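The following exercises are to be worked with the sequence and the model at hand. Each task is followed by a solution in steps.

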Amino acid sequence: MIRERLRRGVDVRTWPLALRVVTVTTLLALLAILAVGVYLSTVIADGLYEQRRDRVLEETVDVRGALTDTLTQLPGATTTQQQDAAFAFVQDTGGQGDATRREVALVPADPSGTVLSVASDQDLLSLVDPDLEDEVAAHPDSLAWRSVGLPDGAHGTTPALLVGSRVTVAGVGTYDLYVLYPLQEEQQTLSFVQRVMLGGGAVLLALVVGIAIVVARLVTVPLRRAAQAAERMAAGNLRTRVQVSGGDELAQVGRSFNDLALSLEQKIDDLTELSRVQHRFVSDVSHELRTPLTTIRMAAAVLDGRREELPGDLHRTAELLSTQVERFDSLLADLLEISRFDAGAAELEAHREEIDDLVRHAAENAAPLAEARGCTLDLRLAGRDTSAVVDSRRIDRILRNLLTNAIEHGAGGPVLVQTAADADTVAVVVQDFGRGISPEDARRVFDRFWRADPSRARTLGGTGLGLSISVEDARLHGGWLQAWGQEGRGAVFRLTLPRRPGTSPTRSPLRLERSFDREAPEFEPSTLTGEIPIGPDRLPDLGPGTAPSPTEKEGR
């Protein structure tokens, strides 16, 4: 989890747009400044080096000429005089130059030479490597040079140029001349230029960051206003608009947003008015039908009361009329309830209730119907605290619909009713072992007037709106009503409710997908006419509850 948070923390896609613009602009500007700085520093360093090298080579040619003139005057002198003359030349030449002190060394190239090695600084001889000696010997008429580093106790090393050449004088011998030129002044110049470039780059980077902030604000402020307006619209304020100024692209976006908001407001108003008209139409029609329906119901009651006196065909007709009038009355009541849900006028009259008591009451009411259909009701109540703040009328309606549905489609098999609770939720499962439903049907079972088999008759006179009303009742409580099953084996409906209003459950204490094996000991039937099995010791081990999948939340 920590790694995931760190990964999200460095995900630049989650950063604000202004921060991303400033960051990207700063990084690109920094890379550009570094690239230009490195290029200019390299060009300046090469220019200083080449300029200094050309002067050094010119000076070395002059030194070699002076040495040749000095050695030419020594053939008639004694060895001591020649050595003194060479020493004097080295001392006089060393320390001269147009920039900083130079060091000179004279080294005999063959044993016939009468002058021994002499240097203005003995450290110079340690800088001469065999490669330079070979190059000087191979090209006696030209100059050879190397870039070397002079040891410096305070700063490490100082760059320098070491130039070598060969001088041959008849009667005196052949000698190698080495001249060392420090580049300290050029190094100081380069360091100064680099410091100036670094300071200028910092100032330029600060200017670029400031410009990026200004540009980002010019872009993000209108977008932020548009986003805030969109949030207000999402919250229900359809009259919100974006303040537009100017004629650029951002202003065009604002005008387009305002046009969209105006069009959306008009569409919503039209749909609201249409919904109101439809709701009023359904309500008016339902109420208007009440009067003739009351008359018809009274006439049907009279016929039904004297049904035994009627001939065979009229007897059946009176029976069908009474049944269909009752169904028509239920349909009108359901349509009125649906219209209240559609209009958002449904309200809860919530009180603290024991879900076990509501389940027991609904099962007692359904017991005569179950007996008539030849099925048994097996109650597995939690037997402990199942209290929740609910509207008992609506919960009773949900339970009656689920039990009636299970009895109708249970094919005479047992119906299992189970309750459970945890710290935040209570749940009720109604399971039958009849025709069952497929996963595809489970996704549509709560649709209005939907039937898995359109050709199947409603033997109990259902209106086709019971489960639709039940799922709306569950949602009104902030809970779920879900369905699952297997064709030919049975169906399961699970009602999950929060204990407290205003909260939404994240998991259910009962599993939705479960076994249909009626041979298992936990499915031994028991009826309401005998002792109702209650308590945790009779609960089957159906596994822990699970949080609903997105499909379940939509009303599987």
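**Exercise 1.** Which kind of contact do the side chains of R166 and D176 form?

Solution. This is a predicted model, in which local features need pLDDT of at least 70 and side-chain atom pairs count only at pLDDT 80 or more, while totals for chains, interfaces and linings use all residues. Residues are numbered from 1 along each chain as its sequence is written, and side-chain values use heavy atoms, with hydrogens and water left out.

Step 1. The side chains of R166 and D176 meet in a salt bridge, at 2.8 Å from N to O. A salt bridge here is a side-chain nitrogen of Lys or Arg within 4 Å of a carboxyl oxygen of Asp or Glu.

Step 2. R166 belongs to strand β4 (residues 156–169) and D176 to strand β5 (residues 173–182), so the pair ties together parts 10 residues apart in sequence. Helices (H or I, at least four residues) and strands (E, at least two) are DSSP runs, numbered from the N terminus.

Step 3. Both R166 and D176 are buried. Buried means under 20% relative accessible area, exposed over 50%, and partly exposed in between, with a 1.4 Å probe and protein chains only.

**Exercise 2.** Which residue forms a salt bridge with R500?

Solution. Step 1. The partner of R500 is D424, and the closest N and O atoms are 3.2 Å apart.

Step 1. The pair links distant parts of the chain, 76 residues apart: R500 is in the loop between β12 (490–498) and α13 (550–553), and D424 is in the loop between β9 (415–421) and β10 (425–432).

Step 2. R500 is partly exposed, with a relative accessible area of 40%; D424 is also partly exposed, at 45%.

Step 3. The structure holds 18 salt bridges. A network of salt bridges links D391, R394, R397 and D473.

**Exercise 3.** What lines the second largest pocket?

Solution. Step 1. A pocket is defined on a 1 Å grid over the protein atoms alone, as an open set of points where a 1.4 Å probe fits, with protein on both sides within 12 Å along at least five of seven lines; lining residues have an atom within 4 Å of a point.

Step 1. The lining of the second largest pocket has 16 residues, and I33, L34, G37, M197 and L198 lie nearest its centre.

Step 2. The elements giving two or more residues to this lining are α2 (17–72) and α6. The largest share, 9 residues, comes from α2.

Step 3. The lining divides into 12 nonpolar residues, 4 polar and no charged.

**Exercise 4.** Describe the backbone angle phi of A411 and the position of this residue.

Solution. Step 1. Most residues other than glycine have a negative phi.

Step 1. Phi of A411 is near 55 degrees, a positive value in a residue other than glycine.

Step 2. A411 is placed in the loop between α10 (392–409) and β9. A411 is exposed, with a relative accessible area of 58%.

Key: Nonpolar A, V, L, I, M, F, W, Y, C, P; charged D, E, K, R; others polar.
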